[in-house]
Amino acid sequence: MIRIGVIGLGHWGPNLMRCFSALPDCRVTAVCDRNCDQLLRIRERYPQVQTAEGLDDLLDRDLVDAVVIATPTATHFELARKALEHDLHVFVEKPLATTSAECVALVDLAAQRNRLLFVGHVFLHSAPVAKLRQLITSGELGKLTYISSRRLNLGPVRRDVNALYDLAPHDISMILHLFGSQPESVSCQGLSRLHPGIEDVCNLTMLFGDNRMAMVHVSWLDPRKERVLTVVGDRKMVVYDDLEQEKLKVYDKGVDAPRPVDDFGEFQYSYRYGDSYCPWIEEHEPLKTECAEFIRCIQEGDVPLTDGVNGFHVTRVLEAAQQSLMRGGVPIRLVEQRYESAPK
Ligand SMILES: NC(=O)c1ccc[n+]([C@@H]2O[C@H](COP(=O)([O-])OP(=O)(O)OC[C@H]3O[C@@H](n4cnc5c(N)ncnc54)[C@H](O)[C@@H]3O)[C@@H](O)[C@H]2O)c1
């Protein structure tokens with residue numbers, strides 16, 4: 001039985017707590033939050049759970065084998081480092097850390113201590129994304145051209161990070177996974193309306209090798225909630241709408257390259273309008289699957305899709321995008337390849 005400690009009981013921590021509490025091979029034995037009110041609330045629902053106000057208190061009392069970190073982004077690195085140094089397995093909510101250098105330090109430390117470092121890129125544990133990946137690898141979509149993603153809503157507004165760091169890790173993790181490679185350059189523009197220096201709206205562009213690109217539009221200042229990712233291949237196209245009952249729709253549509261029809265430079269495009277269909281996808285809650293995968297990987301010593309290296313790849317894009325944002329959107333080349341493996 002793996003003993004779990006949940007650190008951070010704000011908006012997201014209780015969801016992780018619910019999922020881990022429902023798993024058979026682990027038990028949430030302790031929780032920790034700086035805010036006593038949050039601790040009291042959790043105590044009411046889970047009276048058997050030990051409470052601590054800080055990680056040090058939790059570590060001193062030897063209450064857990066693994067921790068789940070659901071605190072603000074700026075605290076992830078220090079909390080994860082401390083937990084790994086105490087030989088605990090660590091699950092960190094997205095993004096793994098603020099900088100790629102911090103991610104490298106955590107990945108190295110986890111390897112030294114032979115402990116699992118796992119990142120909460122929850123969509124990589126979702127059935128629609130697995131199906132999308134299968135449609136791509138089977139060749140059904142043909143050669144990929146671009147992916148675009150929109151993650152919009154009115155709120156929730158954050159003060160600790162901008163909309164890029166808060167929302168885009170989801171889109172970036174999916175895009176790297178679907179392309180199976182890392183971008184060569186990144187550019188990003190954004191707008192701060194509510195608080196100076198904290199962008200509420202961001203537009204991120206990633207250029208990949210082989211003439212492929214991806215665009216991500218994130219905002220917490222939008223009238224409508226949208227969670228839409230479009231994958232365009234040269235044979236078929238897919239729209240993944242996470243708010244729909246039938247989340248994936250495959251379109252047999254496309255435009256074939258123009259052929260000159262005469263000597264005067266006129267071109268004829270051939271448009272294809274075929275059938276569309278919604279593939280059957282087995283429903284499950286991605287967060288539950290993600291938590292179960294963390295436990296399975298601890299038990300079996302397996303490397304998860306969302307390991308520390310995966311966290312590094314996503315944070316590296318965020319970091320470059322932030323540099324671009326601060327320089328008015330100039331493209332930033334991603335030269336340093338600390339981990340050569342392609343994103344899984
Ligand atoms: N996977 C998802 O879909 C998803 C959704 C929401 C949030 N998140 C992630 O979860 C994390 C937390 O987000 P949130 O919205 O719950 O934030 P939040 O601000 O609502 O809650 C954070 C909690 O952490 C506590 N805290 C802060 N520093 C602490 C420390 N050093 N030790 C102990 N407790 C501390 C705060 O008191 C607060 O209760 C973030 O990394 C965020 O990106 C993920």
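I started with contact range: 69% of the contacts at a separation of 6 or more in the protein chain join residues 24 or more positions apart. I note here that this is a predicted model.

**Entry 1. Overall build**

I counted elements next. The protein chain carries 9 helices and 15 strands. I then checked the radius of gyration, which is 22 Å. A compact globule of 344 residues would come out near 20 Å, so the value for this chain agrees. I also took the extents of the C-alpha trace along its principal axes, and they are about 80 × 45 × 40 Å. On burial, I found that 42% of the 344 residues are buried.

**Entry 2. Domains**

I looked up the domain assignment. Domain 1 covers 2-122 + 287-306. Domain 2 covers 124-283 + 314-333. I found 30 Å between the C-alpha centres of domain 1 and domain 2.

I then went to where the domains touch. On the domain 1 side, 17 residues make contact with 13 residues of domain 2. Which elements give two or more residues to that side of domain 1? They are helix 4 (73-85), helix 5 (100-113) and helix 8 (286-300). Helix 8 gives the largest share, 3 residues. By class, I get 8 nonpolar, 6 polar and 3 charged residues on this side of domain 1.

**Entry 3. Ligand shell**

I listed the residues around the ligand and got 22. Which of them come nearest? Gly8, Gly10, His11, Trp12 and Glu93 do. The shell divides into 7 nonpolar, 11 polar and 4 charged residues.

**Entry 4. Nonpolar cores**

Background for this entry: in soluble globular proteins, nonpolar side chains tend to be buried together. I looked for such groups here. The largest nonpolar core has 48 residues. The members that touch the most other members are Val6, Phe20, Val67, Val68, Ile69, Val90 and Leu106. Strand 2 (residues 26-32) gives this core its largest share, 5 residues.

I found a second, separate core of 44 residues. Among its members are Ile136, Ile147, Val186 and Cys188.

Beyond its neighbours within four places in sequence, Val90 is in contact with Ala66, Val67, Ile69, Ala80, Ala83, Leu84, Arg115, Leu117 and Phe118.

Leu144 sits in strand 7. Is Leu144 buried or exposed? I count 20 other C-beta atoms within 10 Å, so Leu144 is buried. Leaving aside neighbours within four places in sequence, I see Leu144 in contact with Ile136, Phe179, Arg212, Val231 and Gly233. I noted one C-alpha distance as well: Leu144 and Val232 are 88 residues apart along the chain, and their C-alpha atoms are separated by 6.0 Å.

Val309 belongs to helix 9 (residues 308-326). Why does Val309 count as buried? Because Val309 has 20 C-beta neighbours inside 10 Å, and a residue is buried at 20 or more. Val309 and Ala292 are 17 residues apart along the chain, with 20 Å between their C-alpha atoms.

**Entry 5. Backbone exceptions**

The background again: most residues other than glycine have a negative phi, and most peptide bonds are trans. I searched for exceptions.

I found a cis peptide bond between Lys94 and Pro95, with omega about -15 degrees. Pro95 lies in the loop between strand 5 (89-93) and helix 5. Gly155 to Pro156 is also a cis peptide bond, with omega near -10 degrees. I place Pro156 in the loop between strand 7 (144-154) and helix 7 (163-179).

Then I turned to phi. Asp62 is not a glycine, yet its phi is positive, about 45 degrees. I find Asp62 in the loop between helix 3 (55-60) and strand 4 (66-69). Is Asp62 buried or exposed? Asp62 has 9 C-beta neighbours inside 10 Å, so it counts as exposed.

Asn211 has a positive phi near 60 degrees, and Asn211 is not glycine either. I locate Asn211 in the loop between strand 9 (201-208) and strand 10 (212-219). Asn211 has 10 other C-beta atoms within 10 Å and is therefore exposed.

Note on methods:
Residues numbered from 1 in each chain as written. Predicted model: local features only at pLDDT ≥ 70, side-chain atom pairs only at ≥ 80, totals over all residues. Helix = DSSP H or I, 4+ residues; strand = E, 2+ residues; numbered from the N terminus. Rg over C-alpha atoms; globule rule 2.2 N^0.38 Å. Buried ≥ 20, exposed ≤ 12 C-beta atoms within 10 Å, placed from the backbone. Contact = placed C-beta atoms within 7 Å. Near = placed C-beta within 6 Å. Nonpolar A, V, L, I, M, F, W, Y, C, P; charged D, E, K, R; others polar. Domains from an automatic or database assignment. Core = buried A, V, L, I, M, F, W, Y, C linked by C-beta atoms within 7 Å.
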